[in-house]
Amino acid sequence: MPGLGTSFGRGGATTAQPDLANADAILIMGSSMAENHPVGFQWVMEAREKGAKLIHVDPRFTRTSAMADIWLPLRAGTDIIFLGALIRYVFENNRVFHDYVVPYTNASTILREDFRDTEDLDGFFSGWDAEKQKYDPETWLYQGAQKTGSSSSPGHSEAGGGHGKDRGGEAQDPAGFRSDATLQHPRCVFQVLKRHFSRYTPELVEQQCGIPREAFLKAAEAFTAASGPEKTAAICYAVGWTQHSKGVQIIRAAAILQLLLGNIGRPGGGILALRGHASIQGSTDIPTLYDILPGYLPMPFFEKDSQKLDSYVKKHSARTGLWAGFDKYFISLMRAYYGESATEENDWGFNWLPRVTGDHSHFGYWLDMADGKLEGLFVMGQNPAVGAANGRLERKALANLKWLVVRDMVEIETASFWYASPEVERGELSPDTIGTEVFLFPASGTAEKAGTFTNTQRLLQFREKAVDPPGDNRSDLWFVYHLGRRLKARAGAASRDAALRALTWDYPTEGKHDEPSPSEVLKEINGWSMADGKQLHHIKDLKNDGSTACGAWIYCGVHPEEDRNRALERNSKDALGHGWGFAWPNDCRIIYNRASARPDGKPWSERKKLVWWDDEKKQWTGLDTPDYEKETPPHAPAHIEEGEGTSALGGARPFTLHPDGVGWLYVPSGLKDGPLPAHYEALEAPVKNSLYSQNTNPAADKKQRPDNPYANAHGDPRFPYVLSTYRLTEQHTAGGMTRHLSHLNELQPELFTEVSPELAAERGLKHGEWATITTARGALEAKVLITPRILPLRIDGRTVHQVGLPYHWGYMGQATGDVANDLLAISEEPNVRIMETKALLCDVHPGRRDRHAPVSERVPSYEESRA
Amino acid sequence: MSVTAFLTDATLCIGCKACEVACKEWNGIDEDGLQFSGFSYDNTGSVGASTWRHVKFVEQAPLPGLGGNSGEQVSWTFSSDVCKHCGEAGCLEACPTGSIVRTEFGGVFIQPDVCNGCGYCVTACPFGVVERNSKDGRAFKCTFCYDRQKAGLEPACAKVCPTESIKFGELEQLRQKADERIAELHDRGMTDANLYDPLDTSVAGVHALFIIRGDARTYNLPPAPEVPTIYLKKAWTSSALAAGLLFGGTLLAFLSAGKNGR
């Protein structure tokens, strides 16, 4: 989550769901929280009942809109215009929380003279390399900043990757920073920001988002008036923001807004990243991603000097702030991986780690698979044949594998593509010619295994096993552990097997199936002392001399004693839930909470107190675990020029992961598509970008090829309507967990599409009957739901229709239907390589699709789309 | 044992349908069809033999007031319907086998092992709640989670409701709570909020109260439900009257014949 990571330091929600009840206003955008997080939505309802204003901005009127005080429909893909206009509103109406912004953000920091904004270069920041199609971000740095690290440019890596840069900041040393506390210097961040958003006016919102000016102003007033010393406002978002070709920058815009209003680190404020399912936060903390190691440590890249631990540590650590401890976190991780085999002499096993050589993200390797470059694949906890963009390409690529292992509770579409997919029905694939050997392994369900979830609010909750799994079903932990054990047993003397030989893989097992103990794994993640095996209590216990082992430094403290698993604790003591589970880091429920107090250590107001300095006890105290050095007094001076670690930040710099200790309105390094958010149209959009000649995010990768075609950049007459895909409460993602359950299927049995009465009239669609939806990638059929909850929007003097399509269905299970993701293109946002699902172009016609005609007959050709 | 009740507050319902699913899971009820209805997000239709909790989705003109349906273009209201467990229950009175009983919690319970499927209760319910199943013809409806209540637990639907739209508790306390809530909603500009609890009709109030906005009929709730047996007195009276008249007439005929007899 580099949007939050670069802005604040950590790639996680800054607040906790129960804290939403303390908000005075809540903006939900890029999410239908009531539908997809109904349990967490109880605290939004609580806030509303206490008088908070609830604002929902969404192309559709959803169950969330139904609960809101204000619903604003916007054209999909124009979020940055809307947020930019909110930021401008804050400037224009003197809503900047000045006393917070000056000490706690980089508003006063001065930028280099050669930095150029998108306003100057018509949609580009300085440093664009048209040939390489990417930015050299050097001019984005601060005035006087010293570059650290080695060969490659700050915040960028030749070989791709993004998550590893979640935190940003490693690229420059803050020693030479210049600032102007009056915020008057023309090149200080504050002034740059003001100029940057000066054209994001309410009129632009009306023209481009389709939200009437007056309605926008009403919402802007409601949200900004609920901020300041006495009040706070929160923002909730989900994949409605992330799944865009500029998703990270949308989240950045929200971060800027919340920093200007002083809403970060304070009760009832913050930005809540609503994660898509049970442990998605956990899957970036202990990553299932190719470019980071546990705790957001970057995976080493194949590049100059990459074989030396020294240069790796130098590149990624910082002199000041929490990242000064990078070597402690990393070496402790190596000791957890390789135990006694990792020694100072062998660089703590650094060279046993693989190197990133290219784009190994889902789409990167899937396109390789489509091109026949991949032999085998494990699929666990995922159903890409239904859940991933451009389903036809994804499924056809599977047919190029030699072997495919799928582990799931049911036979999902990914396992049955070879006989049941639409490609087989159409004759594009045939079981007779597919050479892929498919192994389907039965997996345990959630209740059939123990382990932890890390949820939306960084909260680890350990659950016990309720029942034994039936038959041969086994947990994922069982599978991975025993696979590792067998591989290790086969490790030979060759040097390529050295890592396997060195790996510690000795988790105790129990029961007749030799199930490894998940609490033993959690103990290792928490970390222990190598000498006596005692559990570590705190991140501060970690050492860089190999005397500690820790599987993920950010989780340190979750299992502080041999017999104390804090993730298992269930005695909630207060409204923030302390005593129930463990929130990383250090059980902080609201992170950066030093900002809830004034620079002098007193709360901004009695009503909004959270953490404050206790003058008698000489320590930080309050209603949450202080996210700060406990005994550093508020008046302790900063030693940014020569100090080290967090002590260099002094007593009033709450964003301790940043080398300068402040929140970043402007991100000097760590992002690939610019230091500030700028509006670009979606890769497929009905209109031209009205702000810049550059239509789309220049750094986004379209992966355009014959099997992944696009509509023309804007206003393609073949695809006149905007399409968004989304989820429903009643089903879950690609359906593996729900479409086999009758009690859920009867609630939403069939794929349907939501259209406005006006669009239905324009295309002759009939309620309850079939419609065929086409994009440049494919066609599908869905039942028609005509509803006034979908509004045609007036965009720049013309009508734009939007089409809604939930994506849960597939060809297996009890409730079947066409695969909505067949309509999407594989595209990559530059920082996290996510696809665009929320703003595409389509056409709709009455009637069913021809099930046997080749795709080319139903979809205009690739050549045509290139014309 | 105190009389228990539901208070379902439509102004707090987010339409998640967790109550429907929890009810079916706990009570082991089958799905009743996998058909797209086209009726907003409601694909289960109504309360019946295999749906004991049912969430209605009402798309209608804007409603005034803060929160809960702001849209100037449209409003979308949700409310979870259930058996009303009437103070005077039509089904119970109509049941000839004694299958339908009132429990110690004041709820109305059909004993499935006694029910013979005659269906009298179906026509006797003023809310259209009771239905015979298609397999063996026996009648089914919400049990008020009698088994859970006996074990000291709240009903499954109330247990899972994430927004406390479904509250469970002692009847009179909930009536009081409802009055307070409605006063609060009125204060906040939702002047059309009202309590559905037909005390002045023959059902004598319900044990499943509803806080709704505007006309009860929008929520498929009859404004003046009546227990069919209230017509019994009238029916017996007129029968008795008719019988009396007939008897009197016959008597009169004999008497006058006797008088005039030769």
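Let me start with chain B, which is divided into domain 1 (4–219) and domain 2 (229–262); the bounds come from an automatic or database domain assignment. The C-alpha centres of these two domains of chain B lie 47 Å apart.

A word on the source. This is a predicted model, where local features need pLDDT of at least 70, side-chain atom pairs count only at pLDDT 80 or more, and totals for chains, interfaces and linings use all residues. Residues are numbered from 1 along each chain as its sequence is written, and chains are lettered from A and ligands numbered from 1 in the order in which they are written.

Now the interface. Here 39 residues of chain A are in contact with 31 residues of chain B, contact meaning C-beta atoms, placed from the backbone, within 7 Å. On the chain A side, two or more residues come from each of helix H3 (41–49), strand E3 (70–72), helix H22 (742–745) and strand E27 (779–786). Helices (H or I, at least four residues) and strands (E, at least two) are DSSP runs, numbered from the N terminus.

Next, a sheet in chain A. What is its strand order? It is an open sheet of 5 strands, E3-E2-E1-E8-E9, with parallel pairing; strands pair if DSSP finds at least two bridges between them. E3 and strand E9 (271–273) of chain A are the edge strands, each pairing on one side only.

Inside the sheet, strand E1 (residues 25–29) and strand E8 (residues 233–237) of chain A run parallel, joined by 4 bridges. In this pair, A:Leu27 stands opposite A:Ile235 of E8(A).

Technical notes: Contact = placed C-beta atoms within 7 Å.
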